[in-house]
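Me: I would like to go through this model and ask, for each label put on it, what the label rests on. Please set each value against its criterion before concluding.

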Amino acid sequence: MSNPLLQGKGDECHLLLGNEAIVRGALEAGVHVVTCYPGTPSSEVPDTFRRIGGHGKEYMLQYSVNEKVAMEVACGASLAGAKVLVTMKHVGLNVAADPLFTATYTGLPGGLVVLSADDPGFHSSQNEQDNRNYARAASMPCFEPASAQEAKDMTIEAFTVARELEQPVLLRTTTRVNHMRGAVRFGNLPEHKVPLVDFKRNPLRHVPVPAVAKVRHKVLEENMARAMAIAETSPFNRVTGPENVQLGVICSGISRNYVLDALEEKGWSDRVSVLELGMTWPLPEKLILSFLNRMERVLVVEENDPLLENGVRAIAQKGGSAVTIEGKGDILTIQGENSTPRLVKALAAFLGESCEADVIEETGNLPKRPPNLCAGCSHRAVFYAARRVFGDEAVYSSDIGCYTLGMLPPLKCADFLFCMGSSISAGSGFAMVADRPVVGFIGDSTFFHSGMTGLANALFNRMNIIVVILDNGTTAMTGHQPNPGMIQEQLGDPMLHLDIEAIVRGIGVSQVRKVSSFNLRSVEKALEEFKGMSGVRVLIAEEPCALYARRSLGKGGSRVAEVIAQGEETRKCVDSFACPAFCGRDGEYSVDKTLCTGCGVCLQVAPKSFKLVKRG
């Protein structure tokens with residue numbers, strides 16, 4: 001059955017995720033190249049490109065080892081004349097910032113759109129940084145969709161602006177936009193591939209030595225002035241509501257939906273005029289000033305940093321407007337997400353209306369569910385073994401990935417974490433100062449992302465650290481995307497398997513061991529051996545991710561564990577290993593066979609308490 005994203009005709013309407021709508025928009029724009037490093041909430045964009053199977057025909061897709069590499073590949077392809085989409089989550093743009101800031105100076109004739117998916121509310125991230133700051137710092141036009149339809153339409157417009165200005169454009173989404181579903185009206189796909197822009201060799205533009213960069217900075221500012229003119233008349237910047245009122249709201253991104261929902265819910269739509277901004281940088285100063293001059297008071301609504309609010313205040317001051325501007329405060333804060341109940345409360349205060357208590361969000365009574373490793377996760381076995389060998393004597397440096405979930409009791413194998421790849425580097429820094437064993441945990445995908453440089457640095461500087469590479473054969477936490485360590489059969493012809501042990505030894509590490517994660521005796525033996533050594537030591541613990549093994553490798557687990565004896569040994573296993581498949585009630589223990597994968601680790605922890613039986 002053909003996929004509607006790749007085959008759907010113009011004027012058809014389909015129910016799509018925001019991420020899927022971005023894919024359709026890129027296809028309608030004639031995208032040539034897609035590069036990425038997967039990161040929630042943007043992961044479905046490249047995954048959808050991969051799933052619908054247009055690679056090599058309509059477009060080329062590359063999973064890169066990290067965001068900086070993805071950005072550099074994207075810049076090179078766009079310089080060669082291609083329309084390019086590069087995708088990542090918000091913290092990924094920190095990694096990619098180095099090439100991006102220079103690319104805005106040199107410009108890219110083919111057209112580059114940068115999808116940065118922000119995460120207000122910490123749904124799957126270590127911070128909620130506001131990447132609209134990057135649009136301002138790097139001088140990029142910025143679009144912020146608020147619906148699935150806009151996600152498609154703004155992707156197309158972003159490519160148009162990127163080619164017109166020869167300037168990278170930021171498509172800034174948030175979790176709610178990426179993962180919402182909505183009706184999307186299709187446009188037509190290109191009948192033929194969109195032509196590439198001919199590459200013209202020009203080192204005085206594309207080799208930004210200081211003298212060149214100085215000239216290009218002026219061009220960049222001229223391009224942003226052109227972008228402002230586009231923003232002034234953009235259909236994504238519009239005024240809605242009555243014109244004969246003197247109370248206004250200026251809003252951007254997903255907050256536009258909350259504002260309109262709150263006004264409609266409370267019947268206040270006829271009292272407030274709303275300026276909705278979808279192209280949010282550069283700000284359309286004339287449009288905003290014209291709106292302000294009609295108002296006595298204006299409320300600015302946005303998530304996270306008060307960037308729009310500060311911009312509106314500056315425009316009002318510059319234009320001599322006497323309007324009163326309100327924004328961040330007790331209700332609308334820089335923390336978390338906005339919502340319709342929060343906007344009801346904020347608008348009630350703005351309009352001088354009473355606000356019933358039931359519109360205030362109450363989340364304190366919701367049951368808490370701590371993050372947990374899956375049943376059958378190979379990381380759990382390694383953490384258990386590490387605790388057996390080191391206990392609280394060692395300090396555990398963690399990294400970004402499923403293994404971060406080992407922080408909670410009883411495993412307690414994550415004492416600190418900074419960013420992707422930091423476990424080796426930060427662990428090395430800790431070991432420089434503290435006279436304690438340091439064990440750093442890093443996954444296979446994260447090792448390729450940014451762990452290799454940390455390992456080289458640790459070896460070069462003769463650091464004293466044990467590095468445990470948890471190789472589960474996939475990029476598990478974000479949805480099993482390819483990485484260079486995946487087996488060749490899963491990668492297929494477009495990609496090549498790289499051997500982690502060969503890389504580690506190639507860097508120069510001589511103290512290397514490889515074990516099966518599920519073989520507790522082997523893991524403990526290797527760690528005990530490393531405990532008596534010094535310098536850089538690397539343990540590679542291999543075992544496929546349980547979900548990946550079942551879904552992609554055809555290893556469904558024909559056997560499951562069963563409790564054969566109750567008692568103290570069983571209780572200790574349940575308490576210390578804490579597999580989610582364990583069940584306990586009134587002092588009796590059992591195994592949930594729907595969760596158990598048959599890894600057999602519990603049999604090694606408590607051999608008198610468990611046995612494996614056939615599933616079913």
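Predicted model: local features only at pLDDT ≥ 70, side-chain atom pairs only at ≥ 80, totals over all residues.

Me: Where is aspartate 11 found, and which residues is it in contact with, leaving aside its neighbours within four places in sequence?

Reply: Aspartate 11 sits in the loop between α1 (4–7) and β1 (13–17). Once the neighbours within four places in sequence are set aside, its contacts are Arg185 and Phe186, where contact requires heavy atoms within 4.5 Å. Its C-alpha atom is separated by 29 Å from that of alanine 227, a residue 216 places away along the chain.

Me: What makes helix α14 largely enclosed by the rest of the structure?

Reply: The label follows from burial, because 9 of the 12 residues of α14 are buried, and buried means under 20% relative accessible area. The buried residues include Arg342, Leu343, Val344, Phe350 and Leu351, and the buried residues of the helix pack against β10 (247–252), α11 (255–266), β13 (297–301) and β14 (324–326).

Me: How do you know that the span of α14 is close to the one expected?

Reply: Helix α14, residues 340–351, reaches 16 Å from its first C-alpha to its last, and the expected value, at 1.5 Å a residue, is 16 Å.

Me: Why is the set around Phe441, Val468, Leu527 and Phe582 called a nonpolar core?

Reply: The name calls for buried residues of the nonpolar kinds listed for a core, joined through side-chain atoms within 4.5 Å, and these four belong to the largest such set, of 54 residues, in which they touch the most other members. Helix α15 (residues 378–390) gives the most to this core, with 8 residues. Apart from this core lies another, of 39 residues, among them Cys36, Phe49, Tyr59 and Ala231. As background, nonpolar side chains in soluble globular proteins tend to be buried together.

Me: Which residues is phenylalanine 582 in contact with, beyond its neighbours within four places in sequence?

Reply: The contacts of phenylalanine 582 include Cys573, Val574, Phe577, Val591 and Phe610.

Me: What is the volume of the largest pocket, and what lines it?

Reply: The largest pocket has a volume of about 930 Å³, and a pocket, as the term is used here, is an open set. It is lined by 42 residues, of which Lys89, Ser124, Ile400, Gly401 and Met477 lie nearest its centre. The elements that give two or more residues to this lining are α5 (90–106), α8 (175–179) and α17 (444–460), and the lining residues divide into 17 nonpolar, 22 polar and 3 charged.

Notes
Residues numbered from 1 in each chain as written. Heavy atoms only, no water. Buried < 20%, exposed > 50% of the residue type's maximum accessible area, 1.4 Å probe, protein only. 1 Å grid on protein atoms, 1.4 Å probe; cavity = no way out; pocket = protein on both sides within 12 Å on 5 of 7 lines; lining within 4 Å. Points joined across faces, edges and corners; volume = space filled by probe spheres on them. Nonpolar A, V, L, I, M, F, W, Y, C, P; charged D, E, K, R; others polar. Expected span 1.5 Å × (residues − 1).
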